[in-house]
Amino acid sequence: MINKIVLGMASLRLMSGSLEIIAALLMLRLNQVDKALLVNSGLAIVGPLTLLITTTIGLVGLAEKLSFTKMLWVGLGVTCIFIGILKK
């Protein structure tokens, strides 16, 4: 039997991946750089949002197994990832 938390995380990643493939096909169909860039810009929010939601679901699933200190370390790690991505 598949764990509900794992199923939720995997489903979210499958939806995100499907959206990426659909966007790539749309870019090919549009066949214009400016429109492809617009589609790509729309995807820019999907990746980080998927990471954040998937990580949150995983942390909720581990909440009873992890101490508060370990949860803080994981949260700090995710924060560092976002700072690294967003900082210019």
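## Helix α1 and its buried side

The buried residues of helix α1 pack against α2 (33-43) and α3, where contact means heavy atoms within 4.5 Å. Those buried residues are Leu 12, Ser 16 and Ala 23, with buried meaning under 20% relative accessible area, exposed over 50% and partly exposed in between (1.4 Å probe, protein chains only). The model is a predicted one, in which local features need pLDDT of at least 70 and side-chain atom pairs count only at pLDDT 80 or more, while totals for chains, interfaces and linings use all residues. Residues are numbered from 1 along each chain as its sequence is written, and side-chain values use heavy atoms, with hydrogens and water left out.

Helices (H or I, at least four residues) and strands (E, at least two) are DSSP runs, numbered from the N terminus. Helix α1 has 27 residues and reaches 38 Å from its first C-alpha to its last, close to the 39 Å expected at 1.5 Å a residue, the expected span being 1.5 Å times one less than the number of residues. Met 15 is found in α1 (residues 4-30), and Met 15 is exposed because its relative accessible area is 56%. The C-alpha atoms of Met 15 and Leu 38, which are 23 residues apart along the chain, are separated by 20 Å.

## The two ends of α1

At the start of α1, a side-chain oxygen of Asn 3 reaches to within 2.7 Å of the backbone nitrogen of Ile 5. Such a pair falls under the definition of a polar contact: N or O atoms within 3.5 Å, where within protein one must be able to donate a hydrogen and the other to accept it, and where residues adjacent in sequence count only if both atoms are side-chain atoms.

Just after α1, Asn 31 takes a positive phi of about 55°, and this residue has its place in the loop between α1 and α2. Most residues other than glycine have a negative phi. Asn 31 counts as exposed, since its relative accessibility is 66%.

## Packing of α1 on α3

The axes of α1 and α3 come within 9 Å and cross at roughly 175°; axes here are lines fitted to C-alpha atoms, for helices over the stretch in contact, and angles run from 0 to 180 degrees between N-to-C directions. The crossing angle therefore makes α1 roughly antiparallel to α3, on a scale where angles under 35 degrees count as roughly parallel, over 145 as roughly antiparallel, 65 to 115 as roughly perpendicular and the rest as oblique. On the α1 side the contact is made by Ile 5, Met 9, Leu 12, Arg 13, Ser 16 and Leu 19, and on the α3 side by Val 46, Thr 50, Leu 51, Ile 53, Thr 54, Ile 57, Gly 58 and Gly 61. By class, this contact has eight nonpolar, five polar and one charged residues, with Ala, Val, Leu, Ile, Met, Phe, Trp, Tyr, Cys and Pro counted as nonpolar, Asp, Glu, Lys and Arg as charged, and the others, Gly among them, as polar.

Two threonines of α3 take part in this contact. Thr 50 counts as buried because its relative accessibility is 7%, and, not counting residues up to four places away in sequence, Thr 50 touches Leu 12, Arg 13 and Ser 16. The side chain of Thr 50 also reaches the backbone oxygen of Val 46 at 2.7 Å. Thr 54 counts as buried because its relative accessibility is 8%, and with the sequence neighbours up to four places away again left out, Thr 54 touches Met 9, Leu 12 and Arg 13.

Helix α3 has 17 residues and reaches 24 Å from its first C-alpha to its last, close to the 24 Å expected at 1.5 Å a residue. Val 46, Thr 50, Thr 54, Gly 58 and Leu 59 are buried in α3, and what covers these buried residues includes α1, α2 and α4.

The axes of α3 (residues 46-62) and α4 (residues 68-86) come within 12 Å and cross at roughly 175°, and α3 and α4 are therefore roughly antiparallel to each other. Pro 48, Leu 51, Leu 52, Thr 55 and Leu 59 of α3 make the contact with Met 71, Val 74, Val 78, Ile 81 and Phe 82 of α4. The residues of this contact divide into nine nonpolar, one polar and no charged.

Phe 68 has its place in α4, and Phe 68 is exposed because its relative accessible area is 65%. The C-alpha atoms of Phe 68 and Ile 53, which are 15 residues apart along the chain, are separated by 19 Å.
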